[in-house]
Amino acid sequence: MKRITALAIALVVHALTLAFIVLGAWTIVVNSEFVFGWLIGGGLIGIGWLLRPRLGRVPADAEVLDRSAAPELYGTAERVADRMGIGRPRKIAVEDLVPATTYERVGPLRTPVLMIGLPLWLALPPRQRVALLALAYARGTAGDDVIVRSALWTLGEWRGALLGSAPLKAREEAQTKITASVGALESPSTGYEVAGMFGRMIGRVLGIPVLLLEHGLIRLTRSDDGRRRERTLALARRVVPAEDLAELEAVMAGTSYLAPMQAAVLRGENVPAIRRGALARFEQAAPSVFGSPAASLLGSAESDRIDDELLRHYTRAVRGFGLIT
């Protein structure tokens with residue numbers, strides 16, 4: 001019921017956005033002979049366009065890999081997706097300084113894209129790499145509600161426009177300097193302050209319903225977090241056992257895997273040496289890490305070939321590991 005309510009609220013938000021575009025077009029058609037009609041209609045269409053649903057895109061700092069340059073990585077990602085029964089990623093991208101790995105559908109065609117964070121991927125042994133892919137697929141599939149997410153984005157834009165307005169800092173500084181130089185009684189007075197205050201008051205009045213609507217939609221989506229997590233873990237367990245997922249989530253929750261790699265970079269070690277050190281630490285912590293059912297999806301040899309494919313990206317990424325906290 002809560003999911004249906006959240007979906008209904010999201011559809012109302014998108015309907016309001018569409019109403020701006022329709023109203024703007026209608027204003028232009030009805031008043032096409034007046035310049036004023038074109039200005040008002042164009043403004044309404046512009047507002048609707050700015051508040052349109054965002055369908056996601058590959059981050060600007062991510063690099064999309066060609067299949068020919070990373071055939072082993074694409075093959076592994078597809079094997080895990082096939083085992084879980086979800087759509088294969090059409091594209092795989094890597095991010096240098098983002099540890100998380102995500103699976104999202106982007107663009108108007110909802111193209112499935114797998115985005116791999118290199119810091120964590122470099123540190124994980126083969127079994128945990130499979131678990132990482134499975135968890136990313138499961139989270140992306142269980143939480144793929146583009147209608148509600150885009151409605152929250154639109155409400156956030158409305159809130160920022162209506163409640164986040166403030167006097168221009170440059171204008172206030174200029175007014176202060178004028179007052180200090182000629183005196184408060186002789187400083188030129190304009191309607192800027194009055195108009196700005198009046199505009200902010202209108203923004204507060206109109207922004208309160210938007211704020212309440214956004215708060216309610218957020219609460220409705222969060223109320224389903226427990227069931228969403230259960231669906232996520234159930235889907236991921238099609239590939240890896242629960243203990244592997246728990247171990248991976250413990251690694252992801254901290255930064256203990258990152259500090260030794262940052263220290264190795266400062267010592268001037270190259271990527272293969274950093275990788276060997278990371279594997280040795282995992283093997284010491286969990287000697288059975290290499291004896292796993294996930295080996296049928298990604299063995300040590302295949303994992304090494306993936307590292308060879310990503311060597312150029314690793315080499316670039318490790319230079320910025322010190323920026324990760």
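Val 265 lies in helix H11, helices being DSSP runs of H or I with at least four residues and strands DSSP runs of E with at least two, both numbered from the N terminus. Val 265 comes out as partly exposed, with a relative accessible area of 25%; here buried means under 20% relative accessible area, exposed over 50%, and partly exposed in between, using a 1.4 Å probe and protein chains only. Setting aside neighbours within four places in sequence, Val 265 is in contact with Ile 274 and Val 318, where contact means heavy atoms within 4.5 Å. Val 265 and Arg 319 are 54 residues apart along the chain, with 7.4 Å between their C-alpha atoms.

This is a predicted model, in which local features need pLDDT of at least 70 and side-chain atom pairs count only at pLDDT 80 or more, while totals for chains, interfaces and linings use all residues. Residues are numbered from 1 along each chain as its sequence is written, and side-chain values use heavy atoms, with hydrogens and water left out.

Leu 266 also sits in helix H11, which spans residues 258–266. Leu 266 is exposed, at a relative accessible area of 77%. Arg 319 turns up again here: Leu 266 and Arg 319 are 53 residues apart in sequence, and their C-alpha atoms are 9.2 Å apart in space.

As for the chain overall, there are 14 helices and four strands. Of its 325 residues, 39% count as buried. Among contacts in the chain with a separation of 6 or more, 70% come from residues 24 or more positions apart.

Helix H1 (residues 2–30) and helix H2 (residues 35–50) have axes that come within 7 Å and cross at roughly 160°. Axes are lines fitted to C-alpha atoms, for helices over the stretch in contact, and the angles run from 0 to 180 degrees between N-to-C directions. H1 and H2 are therefore roughly antiparallel to each other; angles under 35 degrees count as roughly parallel, over 145 as roughly antiparallel, 65 to 115 as roughly perpendicular and the rest as oblique. Their crossing is left-handed, a label used if the near helix is turned anticlockwise from the far one by less than a right angle, with right-handed used if clockwise. On the H1 side, the residues that meet H2 include Phe 20, Ile 21 and Gly 24, and on the H2 side they include Trp 38, Gly 41 and Ile 45. By class, this contact of H1 with H2 has eleven nonpolar, seven polar and no charged residues. For these classes, Ala, Val, Leu, Ile, Met, Phe, Trp, Tyr, Cys and Pro count as nonpolar, Asp, Glu, Lys and Arg as charged, and the others, Gly among them, as polar.

Helix H3 (residues 71–84) packs against two partners described here. With helix H13 (residues 300–309), the axes come within 8 Å and cross at roughly 130°, and the two helices are therefore oblique to each other. Pro 71, Glu 72, Leu 73 and Thr 76 in H3 meet Glu 302, Arg 305, Ile 306 and Glu 309 in H13. That contact of H3 with H13 has three nonpolar, one polar and four charged residues.

With H5, H3 packs at an angle of about 55°, the axes being 10 Å apart. H3 and H5 are therefore oblique to each other too, and their crossing is right-handed. Thr 76, Ala 77, Glu 78, Val 80, Ala 81 and Met 84 in H3 meet Val 130, Leu 133, Ala 134, Tyr 137 and Ala 138 in H5. By class, the contact of H3 with H5 has nine nonpolar, one polar and one charged residues.

Tyr 103 lies in strand E3 (residues 102–106) and Tyr 137 in helix H5 (residues 126–142), so the pair ties together parts that are 34 residues apart in sequence. Tyr 103 is buried at 4% relative accessible area, and Tyr 137 is buried at 0%.

Arg 110 sits in the loop between E3 and strand E4 (111–117). Its phi is near 55°, a positive value in a residue other than glycine.
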